[in-house]
Amino acid sequence: MTTQNFDVVVVGGGAAGLSAALMLGRSRRSVLVLDAGEPRNAPAAGVHGLLGHEGTPPGELLRAGRAEVEAYGVVVRAARASAATRDDTGFVVTLDDGTPGDGTTVHARRIVLTTGVVDQLPDVPGLAARWGHDVLHCPYCHGWEVRDKKIVVLATGPMAVHQALLFRQLSADVTVVLHEQPPLADEQAEELAAIGVRVVAEEVAEVVAENDVLTGVTLRSGQVVAAEAVVVASRPVARPDLLADLGLETAELPGNMGTHVPADAMGVTAAPGVWAAGNLVDPFAQVGASAAAGAKAGAMINADLAAAEAREAVQRRRALHAEPAR
Ligand SMILES: Cc1cc2nc3c(=O)[nH]c(=O)nc-3n(C[C@H](O)[C@H](O)[C@H](O)COP(=O)(O)OP(=O)(O)OC[C@H]3O[C@@H](n4cnc5c(N)ncnc54)[C@H](O)[C@@H]3O)c2cc1C
């Protein structure tokens with residue numbers, strides 16, 4: 001069996017990965033995008049805060065992106081990259097498309113990791129099932145959609161006060177339930193009281209819905225706080241796929257806010273030949289910022305390959321001229 005060769009394998013076909021592929025495809029690079037098909041915003045009805053695409057369903061945006069990169073010759077495969085090893089000229093990547101015994105390998109000179117994050121949520125019954133529908137984390141992604149509604153902020157850490165301030169901008173009916181968090185500092189409590197945000201120092205027992213519509217949160221005391229939206233800060237955790245194989249590690253974000261893979265502004269990681277972009281690097285980047293980071297990494301890889309090819313051409317030419325005349 002022959003191993004297919006690509007200039008670049010992009011692992012992850014979300015906004016970041018497809019944007020990297022777009023830049024590379026337009027630069028006439030041979031590119032393979034591997035995508036396991038689990039973008040972070042999949043549960044959301046629409047993508048918001050993205051100029052020119054307001055409210056487009058996440059799946060539709062990615063379908064359009066795949067068609068755009070394919071028009072430049074990029075190959076997109078619905079498959080998971082399951083392993084990677086380094087060789088003299090780049091990397092051998094093993095992929096798994098779900099068919100029994102698959103373990104196809106491809107070769108790439110460079111790799112871009114855009115595998116994103118997984119959102120860890122507090123273990124509260126009823127919460128995870130409504131994530132991305134009416135259990136929300138981001139005012140810019142879905143705040144407008146819950147304007148003027150009854151909003152409960154379920155505190156999971158220091159971000160709760162920040163979220164309360166931002167959602168108070170969208171609704172006059174905001175309640176913070178401290179859940180397992182310690183009491184607020186006096187200054188924070190005073191600020192929230194002054195802007196009309198209620199604070200309840202109790203644990204949440206359950207998130208309740210009727211006919212698939214959120215109705216409130218039940219507290220341990222049995223009291224129900226009515227809610228049409230629950231706001232909660234997830235803990236985004238970098239997907240670990242291929243990191244150890246490539247000699248990379250995740251790092252903690254400050255304040256126990258999650259983990260990420262460190263990379264510079266161009267997407268350069270600590271592992272030579274490996275770039276990273278999107279939520280994997282910055283878990284708080286929205287779709288536009290993730291796409292921008294992917295595009296930048298794609299352009300930088302093209303420049304890196306062009307520079308390497310020029311050096312190789314010089315070596316070949318020198319070797320040719322050094323040959324004795326016959
Ligand atoms: C509920 C929710 C709603 C959101 N709404 C908005 C919004 O309205 N507007 C906005 O701008 N942002 C929104 N976001 C943020 C948005 O989801 C991210 O900015 C965006 O998904 C980041 O893109 P990405 O390409 O880095 O990662 P992702 O979109 O998560 O894509 C990563 C891809 O890599 C694939 N993958 C992972 N491991 C492998 C592997 N080993 N092999 C192959 N493929 C792999 C995954 O299956 C996935 O398809 C929302 C987030 C959440 C949680």
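**Figure 1. The salt bridge between R198 and D173.** In this predicted model, the side chains of R198 and D173 form a salt bridge with an N to O distance of 2.4 Å. R198 belongs to strand β11 (residues 198–200), whereas D173 is in the loop between α4 (159–168) and β10 (174–177), so the contact ties together parts that are 25 residues apart in sequence. The relative accessibility of R198 is 42%, and this residue therefore counts as partly exposed.

**Figure 2. The salt bridge between R109 and D7.** R109 and D7 form a salt bridge in which the closest N and O atoms are 2.9 Å apart. The pair links distant parts of the chain, with R109 in strand β6 (residues 104–113) and D7 in strand β1 (residues 4–11), 102 residues apart. D7 counts as buried because its relative accessibility is 13%, and the buried class covers values under 20%.

Figure 3. A salt bridge joins the side chains of R29 and E309, at 2.7 Å from N to O. Distant parts of the chain are linked by this pair: R29 is in the loop between α1 and β2 (31–34), E309 is in helix α6 (residues 287–322), and the two are 280 residues apart. R29 has a relative accessible area of 12% and is therefore buried. E309, by contrast, has a relative accessibility of 27% and so counts as partly exposed. Together with D7 and R109, the residues R29 and E309 are linked in a network of salt bridges.

**Figure 4. The crossing of helices α1 and α2.** Two packed helices are described by the angle between their axes and the distance between the axes. Helix α1 comprises residues 15–26 and helix α2 residues 58–70; their axes come within 9 Å and cross at roughly 20°. This angle is under 35 degrees, and α1 and α2 are therefore roughly parallel to each other. The crossing of α1 and α2 is left-handed.

**Figure 5. A nonpolar surface patch formed by M266, V268 and M300.** These three residues, M266, V268 and M300, have about 210 Å² of accessible area together. V268 is situated in the loop between β18 (259–260) and β19 (274–276). With a relative accessibility of 36%, V268 counts as partly exposed.

**Figure 6. The position of L192 in helix α5.** L192 is part of helix α5, which covers residues 186–194. Its relative accessibility is 1%, and L192 therefore counts as buried. The C-alpha atom of L192 is separated by 47 Å from that of S82, and the two residues are 110 residues apart along the chain.

**Figure 7. The chain to which the close-up views belong.** The secondary structure consists of six helices and 19 strands. The C-alpha trace of the chain spans about 95 × 40 × 35 Å along its principal axes. Of the 326 residues in the chain, 44% are buried; D7, R29 and L192 are among them.

How values were computed. Residues numbered from 1 in each chain as written. Predicted model: local features only at pLDDT ≥ 70, side-chain atom pairs only at ≥ 80, totals over all residues. Heavy atoms only, no water. Patch = residues over 30% accessible without salt bridge, like charges linked within 9 Å, V, L, I, M, F, W, Y side chains within 5 Å. Areas by Shrake-Rupley, 256 points an atom, 1.4 Å probe, with all protein chains shown as cover. Salt bridge = Lys/Arg side-chain N within 4 Å of Asp/Glu carboxyl O. Helix = DSSP H or I, 4+ residues; strand = E, 2+ residues; numbered from the N terminus. Buried < 20%, exposed > 50% of the residue type's maximum accessible area, 1.4 Å probe, protein only. Axes fitted to C-alpha atoms, helices over the stretch in contact; angles between N-to-C directions. Parallel < 35°, antiparallel > 145°, perpendicular 65-115°, else oblique. Left-handed = near helix turned anticlockwise from the far one by under 90°.
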